[in-house]
Amino acid sequence: MLDDFLVRAMLASVGVALAAAPLGCFVVWRRMAYFGDATAHAAVLGVALSLALSIPIFAGVLVACLFMAITVSSLSGRGFTMDTLLGVMSHTSLAIGLVAVSFLSGVRIDLMSYLFGDILAVGKTDLWVIALGVMIVLALMVWRWSGILLSTINPDLALASGIDPKREQLVLTISLAIVVAVSIKVVGVLLIAAMLIVPAATARPFSKTPEMMALIAAILGISACLSGLRASYVFDTPTGPTIVCVSALLFVLTNLAHRLIPFIRPHFIGKKI
Amino acid sequence: MLIECENLSVHLRRREILQNISLSVNSGEIVTIIGPNGSGKSTLFKAIIGAVPSSSGVIHKKQGLRIGYVPQKLHIDEALPITVKRFMNLPSGHSQLAIEEALENAGASKLESEQLMDLSGGQFQRVLLARALLGQPDLLLLDEATQGLDHRGSAEFYRQISHVRDKLGCGIVMISHELHVVMRQTDRVICLNGNICCQGKPEAVSDSPEYYALFGLDRDNESALYLHRNHHRNTLPAEMTHAG
């Protein structure tokens, strides 16, 4: 079954969508949208690193993302605001990555496949790496969920309950780096942020609790992946961008549905979305 | 004795916020901390819960002290859907009975299935109090818990607090601007401005020159409300103690 490239593509995208859902919710709640972007840009540097040192792409990207994420978290609050730091770090690492790639003369690199993903080329080994990454992230999410959630609501409340918000932030940061690293083959560097944010944003109006939002985001993400895969096969379009397009379409449609049919969710009407 | 600070000092960004704070809180006692903006009231709370490190001095806590904390500002992001019940169950779950009891003690019954975002200011403060009451705290820390409430609302809130103290027997420390509202519900007042200026019974503190120096303007403004002032400002009442 795993010999079929479409089956592999399906499994890979479903896995990434599953892990991206809870993380995406935290990205939305903590207003870290730009953080996802920055980690993704660092991934380009990671690609350059792994090609230069001929180590697996996953490893290089993971290291670059972790480095970026941990640097930003530890530097924030020391005279720079988060968005300034992210702006500096993210574009610097993107630029260094692009320059570094140009030095690698011996290899002909198709940078496009890293920027936009190449899901149909996911091999069996890739699939195992994705599965491992997704399982680690989901396990971390289940294990630390309450702690991260309370730290998200208010760090001091977490402290008073004996939870260290810095540690929870680190767990979240590491999980984000892992997801970016494993999904680089699926949607590519430029579109990972969309995989994180769009399903979570779509799920918001339908959710009453944080857990419900993560669950609905997962379902939406998986359906976007499956139908995007199918659509890209039928219309012969690039797969990663097609998945994100379907995801965005879901966002627009559900929002329209809400405005047109007010009685679906009475308590949210009248507030801006 | 629940908690005791000994010569506690706190520096933030090389600025001394708190100097030589020594205080202790016993169970069943309500202590109110007053002080102008930037006098280190919230920082004192943060030092107690461990959110900011102390640069010198020590904080002794009773073995296994359980702290219930109500922060000054709590903004629930619009993107985060959460019901009162779910919020009460963070970080660990409590029985339905315990939650109902805590909500009732805080005067917030029947709000369980509401979204936090949809609550009014007063309801929200009560839910925060209810959450702090879960798990039977020995010490309650309330940081301007009546922010955004009108006079009647905050008077009611303070009555609720003293009711909580009577029922649970915990020690309560609260930060407040409204000494005249808190007065009747509080056992001891600590006047803070970087260091402890004065402390004692509420009536004594509100008549002290230190209090007048800090809040003189307020007092003039409020004098219309308080016609029965103590006229002998120079004779300090016996229960006053001076720091420094």
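Two residues are taken to be in contact if their C-beta atoms, placed from the backbone, lie within 7 Å. In this predicted model, and leaving aside neighbours within four places in sequence, A:Cys65 meets that criterion with A:Thr39, A:Ala42, A:Ala43, A:Gly46, A:Ala177, A:Val180 and A:Ala181. In soluble globular proteins, nonpolar side chains tend to be buried together.

Chain A contains eleven helices and zero strands, and its pattern along the sequence is accordingly written α-α-α-α-α-α-α-α-α-α-α. The C-alpha trace of chain A spans about 60 × 50 × 30 Å along its principal axes. For 273 residues a compact globule would have a radius of gyration near 19 Å, and the value for chain A, 19 Å, agrees with this. Of the 273 residues of chain A, 48% count as buried. Among contacts in chain A between residues at least 6 apart in sequence, 72% join residues at least 24 apart.

In chain B, strand β8 comprises residues 188–193. Five of its six residues are buried, so β8(B) is largely enclosed by the rest of the structure. Strand β8(B) is joined to β3(B) by four bridges, and the two run parallel; within this pairing, B:Thr32 has B:Val189 as its bridge partner. Five bridges connect β8(B) to β9(B), residues 195–200, in an antiparallel arrangement. Here B:Leu192 stands opposite B:Ile196. The two strands β8(B) and β9(B) form a hairpin with one residue between them. The turn contains B:Gly194, which has a positive phi of about 85 degrees.

B:Glu29 lies in the loop between β2 (15–25) and β3 (30–34) of chain B. Because 17 other C-beta atoms lie within 10 Å, B:Glu29 is partly exposed; the class falls between the limits of 20 or more for buried and 12 or fewer for exposed. Not counting residues up to four places away in sequence, B:Glu29 touches B:Gly171, B:Asp187 and B:Arg188. B:Arg14 is 15 residues from B:Glu29 in sequence, and the C-alpha atoms of the two are 34 Å apart in space.

Notes: Residues numbered from 1 in each chain as written. Chains lettered and ligands numbered in written order. Predicted model: local features only at pLDDT ≥ 70, side-chain atom pairs only at ≥ 80, totals over all residues. Rg over C-alpha atoms; globule rule 2.2 N^0.38 Å. Pairing = 2+ DSSP bridges.
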